[in-house]
Amino acid sequence: MTTRNARIPDRPAQDTGPAVLPRRRLLRMAGAGLGLALAGALTTACGPEEVDASGGMDGSPTPGGSGEGGGDAFSTPPAGTAPHALWEHGAAVGTLGNHEVLAVVGDVVLVAGDPLVGRDVATGKEIWSLKDAATPGARLIMGGDTLYLASGRYDGDVVGLDPATGEETWRSRLEGRYSQPRPIGADAERVYVIAGILEKDLSSRTNVIAAIDIRTGKAVWSERRDTGTEESGLTSAVLGGHLVYTDHRKNLTVRDTATGRQLWTKKISRSNFDRMAVHDGAVTVADSRYLRSFSLEDGGERWVLKTEEFSLFNGPTVLDGVLYASDSTRVLWAVDPATGKQRWRSAGEPGVPVPLQFAKVGDTLYGATEFSEKGGVQAYDARDGKLRWTFNDGKGSPVAQWYVAPAGERLAALHDDRLLALPAV
């Protein structure tokens, strides 16, 4: 079935970039929480382990860069020299929204916005475009090989798209039961949404967390949230039969995905709408000057890591079995997610922002910072935390954050209303 307004240009006869894994294999990996690279580690495809400028430092072009359109021969430059962007295109959304506006699935890079656009990772060329498919800044929620979004028609449904083509392949059957259901997670069996409850006067003063069966499109359970609880500001993840989320009322909550039953909830010291790390049966959150890890089963605290007084941790991410987080004193941490034991600490230079969001390719840890003359996309040696280079072309809004996502041998980067690709190997 072809979605209305879908525009699918002819693809190039031959890819101009390096070979990438076959799409079907990567989509299967996405279903296991491994092949989907979201901006932020809030991976919503359930898996067994994890959810979650060119030129030198002065901006001069790097020799050998492949430039616009992505070429066959490129590599990351040596330490102290930033790479050249392989391609750049405008994006229909700024990055002042949530942490899940950028995703790479197979050989397609997606940016939430109107229109919703899928581009070829290697060349940057538009593969498909959908008008009125997603509200600007919508979260890109993957479950298996399907991208789930609130219906752009505002008709009370959730739709599923094939990320390779933009075709609509699934639609819920909620029959107007809820007001504006929005996906917050998905796995192989269900899509999890937050939605308003429609009153007789068509107002919506309370909301629910609900699960929609992928086979029938109907809600299989629905749990009413406390009166006054807001529908926005949720950070969420799905892993191993657990739906985990935080909210503006300073709650950390875990539910059973099969029944919706609340397993436990805890208060944290601040409203945590940063990213969180869900890994190996535990959830780790930034809680003011602490990183705290809790068991998903019973909420028991596994470990606590403390930073300096008057400093705050930013939201953590787990990549390849290592937990990464930064703090407000410009320190980057690498931690064992099972024990909280520090692997290394990397103190940043004065005035140089630390990353708020991460991606990893090989032995390189990529970080995305807030906009700053000294910030941008940073490349660190993942073994010891040493900064190799920083990419920042000086464009874009001074308040817009950068986002990154691994894309095979490339790195997708989003800043303000621009989408770029950088070499990653």
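Tyr324 is buried, and so is Trp344, where buried means under 20% relative accessible area, exposed over 50% and partly exposed in between, worked out with a 1.4 Å probe on protein chains only. The model is a predicted one, so to speak of local features takes a pLDDT of at least 70 and to count side-chain atom pairs takes 80 or more, while totals for chains, interfaces and linings use all residues. Residues are numbered from 1 along each chain as its sequence is written, and side-chain values use heavy atoms, with hydrogens and water left out.

Tyr324 and Trp344 make a tilted aromatic pair, with 6.2 Å from centre to centre and 45° between the planes. For such a pair, the ring centres of Phe, Tyr or Trp (its six-membered ring) lie within 6.5 Å; planes under 30 degrees apart count as stacked, over 60 as edge-to-face and the rest as tilted. Tyr324 belongs to strand β26 (residues 322-326) and Trp344 to strand β28 (residues 342-347), so the pair ties together parts that are 20 residues apart in sequence. Strands here are DSSP runs of E with at least two residues, and helices are runs of H or I with at least four, numbered from the N terminus.

Tyr366 and Trp389 are another tilted pair, at 6.0 Å centre to centre and 55° between the planes. With Tyr366 in strand β30 (residues 364-368) and Trp389 in strand β32 (residues 387-391), this pair ties together parts that are 23 residues apart in sequence. Both Tyr366 and Trp389 are buried. Across the whole structure, the search turns up 8 aromatic pairs.

Rings also meet charges. Arg345 lies over the face of Trp333, 4.5 Å from the ring centre, and the charged end of Arg289 sits over the ring of Tyr290, at 5.9 Å from its centre. The cut-off for this arrangement is NZ of Lys or CZ of Arg within 6 Å of the ring centre and within 35 degrees of the ring normal.

Arg292 is found in strand β23 (residues 290-295). This arginine is buried, with a relative accessible area of 19%. Its side chain makes a polar contact of 2.8 Å with that of Asp287 and a polar contact of 3.1 Å with that of Glu301. A polar contact is a pair of N or O atoms within 3.5 Å; within protein, one must be able to donate a hydrogen and the other to accept it, and residues adjacent in sequence count only if both atoms are side-chain atoms. Leaving aside residues up to four places away in sequence, Arg292 touches Val283, Thr284, Val285, Asp287, Glu301, Trp303 and Val304, with contact meaning heavy atoms within 4.5 Å.

Val108, in strand β6 (residues 108-111), is buried with a relative accessible area of 1%. Among the residues that Val108 touches, not counting those up to four places away in sequence, are Ala103, Val121, Ile127, Trp128 and Pro163. The C-alpha atoms of Val108 and Ala407 are separated by 8.6 Å, although the two residues are 299 apart along the chain.

Next come the sheets. β13 is joined to the antiparallel strand β14 (residues 190-197) by 6 bridges, and Pro183 stands opposite Val193 in β14.

A further open sheet of 4 strands runs β9-β10-β11-β12, again with antiparallel pairing. Its edge strands, β9 (141-143) and β12 (168-171), each pair on one side only. Between β9 and the antiparallel strand β10 (residues 146-150) there are 3 bridges, and Met142 has Leu147 in β10 as its bridge partner.

Finally, there is strand β17 (residues 235-239): 5 of its 5 residues are buried, so this strand is largely enclosed by the rest of the structure. In a regular strand the side chains alternate between the two faces of the sheet. Thr235, Ala237 and Leu239 point one way from β17, and Ser236 and Val238 the other way. β17 is linked by 5 bridges to the antiparallel strand β18 (residues 242-246), where Val244 stands opposite Ala237. The two strands form a hairpin with 2 residues between them, and Gly240 in the turn has a positive phi of about 55°.

Conventions: Pairing = 2+ DSSP bridges.
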